[in-house]
Amino acid sequence: MLLSSWWDVRDLGNAVSGLVDALQDAGVPNGVIYSIAALLGCLGIIAFVGATAVINIWVERRLIGRIQVRKGPNRLGPFGLLQPVADAIKLIQKEALQPKSADGVVYSLPPILIFIPAILAFAVVPFGDKMVLADLNVGVLYLLALGSTTAVLIFMAGYASNNKYALLGSMRVIAMLISYEIPSVLALLGVVTFAGTMSLSGVVDFQDTYWSWLIFFQPLAFLIFLLGTTAELNRTPADIAEAESEIIAGFHIEYSGMKFGLFYAVELVNAMGLSAVIAVLFLGGWWTFGVEKVIPGWILFIGKIYAVYFLLIWFRGTLPRFRMDQLMAFAWKFLLPLGLINVLVSAFEVLLWTEYDISAGVILPASVVVNFALAAVLIVGWSKLMMKPFTDVRRRPHLFNEINVPLPGEATPEPAG
Amino acid sequence: MSPLVLDARVTLEQVLIVGAILFSIGLYIALTKRNAVGVLMGIELMLNAVNLTFLGFARFVESPRPIDGHVFAVFVITVAAAEAAVALALVVAIYRFRDTIDVDRINLLRW
Amino acid sequence: MVIAFWTLAALTLGSAVMIVLTRNLLHALLCLILSFVGMAGVFITLSADFVAVVQVLVYAGAIAVLMLFAIMLSPRSGRDNAANMLQLPALVLCGLFAAGVTFTVIETDWREASRGSFDTTAEAIGQALLSPFVLPFEIASVLLVVAMVGAIVLVREDS
């Protein structure tokens, strides 16, 4: 890539590195240069987050409207494009009521603090070739840790409201978040095993080196992580914790005005953040089979984020809401074993690749075929296996069927079969 | 040079002293809280302080394999998680039987 | 780096002291979570990135949630974060302990290493877990299974 001029928009990191070089030549101390570069990166990310939070309000409502065979908001401005502005004005001018028995500081902090994990997730995501704010060596693990801190903040919000429904909603959210963390971890473990590194830009480099997206190597991990993400974002079909018809909005019942506006915005920012993670890990980030030499990589990346976000909105518009016990059973009995088997098979493939020195040209296409077959077989077969206790009328263990001995409490032996 | 002077580096003594203070605060919490979950909070603080000491030693002290400090810290975190799970299960079970989790009142081995 | 270390250490120690002083058990738990996150920051200043992220993931993400559920399942009357009668002797003991350790630390001649900070610890930890430390690794996994089964059995209602 010929990125020699600082105005070349294909790699926005160019401008920052040009500025850093100029400052270093001028003799500014290293700490100051580092702080300025970090500040510029933070400003970029906050600008991106703010812009997408506003745009996504319109995107989501319009798209869900179209999926539900109705027009979305179309009154304010052309195609309803001023809807986010109207929403913001409405939320700002509302009175932020605080219940008298709500716990003062603990009530006011969660709307502000919950932005922190949402924005921090963008710090490790590579937008372009050298456009990462913090290229952490443990980037994948860092993203998982951020997801688990959100659970504590949601509990704070629910508890401090001094409202039984809020507490119930927040307990449900925590139970669901910690249940869906484990399959997500296992899916990402499969990805990390293949890529050999936990840093997100390292994963993109792996996809660049072997000329293919990781979704082809790890289809099962993609599906597991997508479903885990849907549950962690509390979106339909997994939004039992904040469903308006079930529990009257769950943990943010008692929040009104801009505090509720912050919760609403954080939901959208979280959705963007996790879509960005999926796009980086599975869809190649800024790398798109060489197209990023023509169109800037970060534009393609934002396009991929919106593609995954479109998938999430599609789920929301199409699927009904699941019950709490159905969601838990899905996480523990379906996604977790599939994740484990995926890790096992991926580790075996990487073992064949590295220890026995089978060349990448043989092992990678073979692993694509094997992984896709495995995904298909497991999804169909495991779901049949999980359905079996519900379709089998006589729930005897198989051994008893063969030996034909009466169970304790039964009089006569039943016929075999 | 006194190790407590603030020069341009963090020294081993400073890390260890911070760990010691944290450990003693955790010890105080574990000894004086009346609630069983409060005692557990003190224990977790003590384990954190120990982790800090291990990592300080791994970073600053000459050794043939400095990563051992990090491995110890990971094991301490693992064991602390297991122990917290069992301890909190005990707390819930005791509450079911004795209707209290005040550690001063749970003082009979059989009742 | 020095500023970062001392700021985070002050945050951790401050929230640890707040656990003692606050009047509500749930506020104490929130201060505990803050001190866990502060400790993770201190770990990062000691260039232990993997352990810091594991600390946030396990301590602030899982153990804190466990304690939360345990507090929620326990009586409301016990949530006043009271202290028992051992306050003064415990204070003396802890003060003596901290003073003793500080004295020992300052007087000992540590073999300071000349190397700088670590680059990446995750791979080295992985290698160490599988070659010299494989037996504790396996025993730790057995311990976790035992703890999980034990906790479930203890909490299960006899049906």
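How many Å apart do the C-alpha centres of domain 1 and domain 2 of chain C lie? They lie 23 Å apart. This is a predicted model, where local features need pLDDT of at least 70, side-chain atom pairs count only at pLDDT 80 or more, and totals for chains, interfaces and linings use all residues. Residues are numbered from 1 along each chain, chains are lettered from A in the order written, and side-chain values use heavy atoms, leaving out hydrogens and water.

**View 1. The two domains of chain C.** Domain 1 covers 1–81 and domain 2 covers 121–159; such bounds come from an automatic or database domain assignment.

**View 2. A closer look at C:Thr104 in helix α4 of chain C.** Helix α4 spans residues 87–107 (helices are DSSP runs of H or I, at least four residues, numbered from the N terminus). C:Thr104 is partly exposed, at 44% relative accessible area (buried is under 20%, exposed over 50%, partly exposed in between, with a 1.4 Å probe and protein chains only). Its side chain reaches the backbone oxygen of C:Gly100 at 2.7 Å. As for C:Ser141, 37 residues apart from C:Thr104 along the chain, the two C-alpha atoms are separated by 36 Å.

**View 3. A nonpolar surface patch on chain A.** A:Leu19, A:Val32, A:Ile36, A:Leu39, A:Leu40 and A:Leu43 make up about 490 Å². Patch residues have over 30% relative accessible area and no salt bridge, with nonpolar side chains joined within 5 Å and like charges within 9 Å; a salt bridge puts a Lys or Arg side-chain nitrogen within 4 Å of an Asp or Glu carboxyl oxygen. Helix α2 (residues 30–67) gives the largest share, five residues. A:Ile36 sits in that helix and is partly exposed, at 31%.

Conventions
Accessible areas come from the Shrake-Rupley method with a 1.4 Å probe; for residues, only the protein chains shown count as cover. Helices (H or I, at least four residues) and strands (E, at least two) are DSSP runs, numbered from the N terminus. A polar contact is a pair of N or O atoms within 3.5 Å; within protein, one must be able to donate a hydrogen and the other to accept it, and residues adjacent in sequence count only if both atoms are side-chain atoms.
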